[in-house]
Amino acid sequence: MGLTETEKNLAPDHARRVREMFARISPRYDLLNHLLSANIDRSWRRAVVRRLQPLLKTNAPVLDVACGTGDLSIALFEKTAAQIVGVDFCRPMLEIAARKAPQLHFVEGDALRLPFADSSFDAVTIGFGLRNLASVEDGLAELRRVLKSEGWLAVLEFSKPVVPGIRSLVSLYYQQLLPWIGGLLSGSRSAYEYLPDSIAQFPDQEKLVALMREVGFEAVAFENLTGGIAALHTGRRA
Ligand SMILES: C[S@@+](CC[C@H](N)C(=O)[O-])C[C@H]1O[C@@H](n2cnc3c(N)ncnc32)[C@H](O)[C@@H]1O
């Protein structure tokens, strides 16, 4: 489990490339998110909020990891009475988040070495962030570390479409259209080539369930969103 020695040596380079890529596309990130998903990304973040809402007490501390420009943190803030903290290692993304929601607390930090003590949060969310980490297993273990016992993790991520017809269409879209439009509007075609590559390498619904259990989550379940184009996985710290 986790990284091999070779992967450990490559991890800092991976992190640097990911951080630089998000810094480059940060000014257009929100626009492209909404445009490339035909605004469906908003409903995916709302699904996270709906799932966590009944589990969160007033003022419950909640950490939104890889918060980027803050859309998931803001969606949680608007619909729950929790205390939301967003963390991300890309400063230009965080600066946009802070401009959009000055009332929220955003912190610069690495998801693989979170700047928080063990058992600090009632819930942890990560939206479209886990896929970008050098190790999914190590990321899940670090998210578990900062959760209180019985605290909830919600992972929102691209996944494997469950309907074969949709799968081929989505694959065509990822390979042909997305790098082209993304490149045109953000000025970084490589970032939008990286997106489908990283989705292809990310564990599918069932594999992610298995990884979450291995790392120490119980009551692990998932909900397919838009036919499995994305999925919301949840689990409780055992
Ligand atoms: C696709 S964006 C998602 C942003 C936001 N959660 C959303 O729903 O739009 C991925 C974010 O993960 C951040 N990220 C990637 N690897 C990270 C790491 N190791 N530590 C902290 N943030 C990381 C990037 O800087 C970027 O802001």
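The predicted model contains an open sheet of seven strands in the order E3-E2-E1-E4-E5-E7-E6, with mixed pairing; strands (E, at least two residues) and helices (H or I, at least four) are DSSP runs numbered from the N terminus, and two strands pair if DSSP finds at least two bridges between them. Residues are numbered from 1 along each chain as its sequence is written, and side-chain values use heavy atoms, with hydrogens and water left out. Because the model is predicted, local features need pLDDT of at least 70 and side-chain atom pairs count only at pLDDT 80 or more, whereas totals for chains, interfaces and linings use all residues.

The edges of the sheet are formed by strand E3 (105–108) and strand E6 (217–225), each of which pairs on one side only. From one strand to the next, the twist averages 20 degrees. Angles run from 0 to 180 degrees between N-to-C directions, and axes are lines fitted to C-alpha atoms, for helices over the stretch in contact.

Strands of a sheet pair through backbone hydrogen bonds, either parallel or antiparallel. Strand E1 (residues 61–65) runs parallel to E4, to which it is joined by four bridges, and valine 62 stands opposite alanine 123 in E4. E4 also pairs with E5 in the parallel sense, over six bridges; here phenylalanine 121 stands opposite leucine 147 in E5. Six of the seven residues of E4 are buried, so E4 is largely enclosed by the rest of the structure; buried means under 20% relative accessible area, exposed over 50% and partly exposed in between (1.4 Å probe, protein chains only).

E7 runs antiparallel to E5, with seven bridges between them, and the bridge partner of leucine 153 is glycine 235 in E7. Seven bridges likewise join E6 to E7, which run antiparallel. Alanine 231 of E7 is the bridge partner of asparagine 224, and alanine 230 of E7 is that of leucine 225. The hairpin of E6 and E7 has four residues between the strands, and in this hairpin threonine 226 takes a positive phi near 50 degrees. Seven of the eight residues of E7 are buried, so E7 is largely enclosed by the rest of the structure.

Helix H2 packs on the sheet, touching strand E4 (121–127), E5, E6 and E7, and its direction makes about 160 degrees with that of E5. Contact means heavy atoms within 4.5 Å.

Helix H6 (residues 164–186) and helix H7 (residues 189–201) pack at an angle of about 145 degrees, with their axes 7 Å apart. Residues in this contact include Tyr174, Leu178 and Trp180 of H6 and Tyr192, Leu195 and Ile199 of H7.

The largest nonpolar core has 46 residues, and those with the most contacts inside it are Phe22, Trp44, Phe158 and Tyr192; a nonpolar core is a set of buried Ala, Val, Leu, Ile, Met, Phe, Trp, Tyr and Cys residues joined through side-chain atoms within 4.5 Å. Among the elements that each supply at least two residues of this core are helix H1 (5–36), helix H2 (40–52), strand E5 (147–158) and strand E7 (230–237). H1 contributes the largest share, seven residues. Leaving aside neighbours within four places in sequence, phenylalanine 158 is in contact with Trp44, Phe128, Arg131, Tyr174, Leu195, Ile199, Phe202, Ile229 and Ala230.
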